[in-house]
Amino acid sequence: MSVTEYRDKFLQLARYATAEVAEDREKQEYFLEGLNDELQYQLMNHTFPSFHQLVDRALFIERKHQEIEERKRNIKKLILSEAHDTAYSIHPGSTKMYHDLKERFWWYGMKRAVAEYVAVCDTCQRVKAEHQRPADLLQPLKILEWKWEEISMDFIVGLPRTQKGYNSIWVVVDRLTKVAHFIPMNTTYSGARLAELYISRIVCLHGVTKRIISDRGSQFTSRFWEQLHDSLDSKLRFSTTYHPQTDG
Ligand SMILES: [Zn+2]
């Protein structure tokens, strides 16, 4: 019950016990008795000139308390989102997420909060739906990997040269989860070298993507795509040249 609700109820009942609350001081005492422990504790050592000032003070404390709770909720939400769906996290399942988080944070009910957060995550739900589709026997080579099917790539160039000779960063982002890889490179690298680098840094972790989007334009993209497939062995190539999704 909120303080406002309690006050209204109290005043209503007080009408039937006018003798008991005839004096303001007594009215205050009765009112205090019915408050929850925390409010009682914070109010009992003060004297208030009037019943109404006591009620005002109780309302003020209640409001402050609600503000603090709201801030706590927001911090928890931030921690959960940081651990689940920002650029640096990979939509872990709730068990893994809880174990990772537990290393640094704890609050009462955290395990349940983690499970609930994952259960309503849009991306995770879409992925689950995708996996529950009945397997099509005519497409035995369909890649089951759901992440990294569609990536975008950008290059951050014009950086000071490092000791190892890098002067730019190749940013590869999974379009679904927004997980990013940052690969140091040099702008003089050939397409073949980029393809090699891509295989060692991305393909070995996530498999071959179905679609690449780059702000370098379609010519760069298709050339890179070709180089990439030249560098991959024929078996892998065979299983990935069929792109049912890309043409609609
Ligand atoms: Zn998720």
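## About the model

This is a predicted model, in which local features need pLDDT of at least 70, side-chain atom pairs count only at pLDDT 80 or more, and totals for chains, interfaces and linings use all residues. Residues are numbered from 1 along each chain as its sequence is written.

## Two packed helices

Helix H4 spans residues 51–84 and helix H6 residues 110–119; they pack at an angle of about 60°, their axes 11 Å apart. Helices are DSSP runs of H or I with at least four residues, strands are E runs of at least two, and both are numbered from the N terminus. Axes are lines fitted to C-alpha atoms, for helices over the stretch in contact, and angles run from 0 to 180 degrees between N-to-C directions.

On the H4 side you will find Lys76, Leu80 and His84, which meet Ala113, Val114, Tyr117 and Val118 of H6; contact requires C-beta atoms, placed from the backbone, within 7 Å.

## The sheet

Now to the strands. Four of them form an open sheet in the order E3-E2-E1-E4, with mixed pairing; two strands pair if DSSP finds at least two bridges between them. E3 (180–185) and E4 (211–214) are the edge strands, each with a single partner, so one side of each has no neighbour in the sheet.

E1 (residues 150–156) and E2 (residues 168–174) pair in the antiparallel sense over 6 bridges. In one of these strands, E2, Ile169 is the bridge partner of Ile156. Helix H8 (residues 191–206) packs on the sheet and touches E2 and E3.

Note on methods
Contact = placed C-beta atoms within 7 Å.
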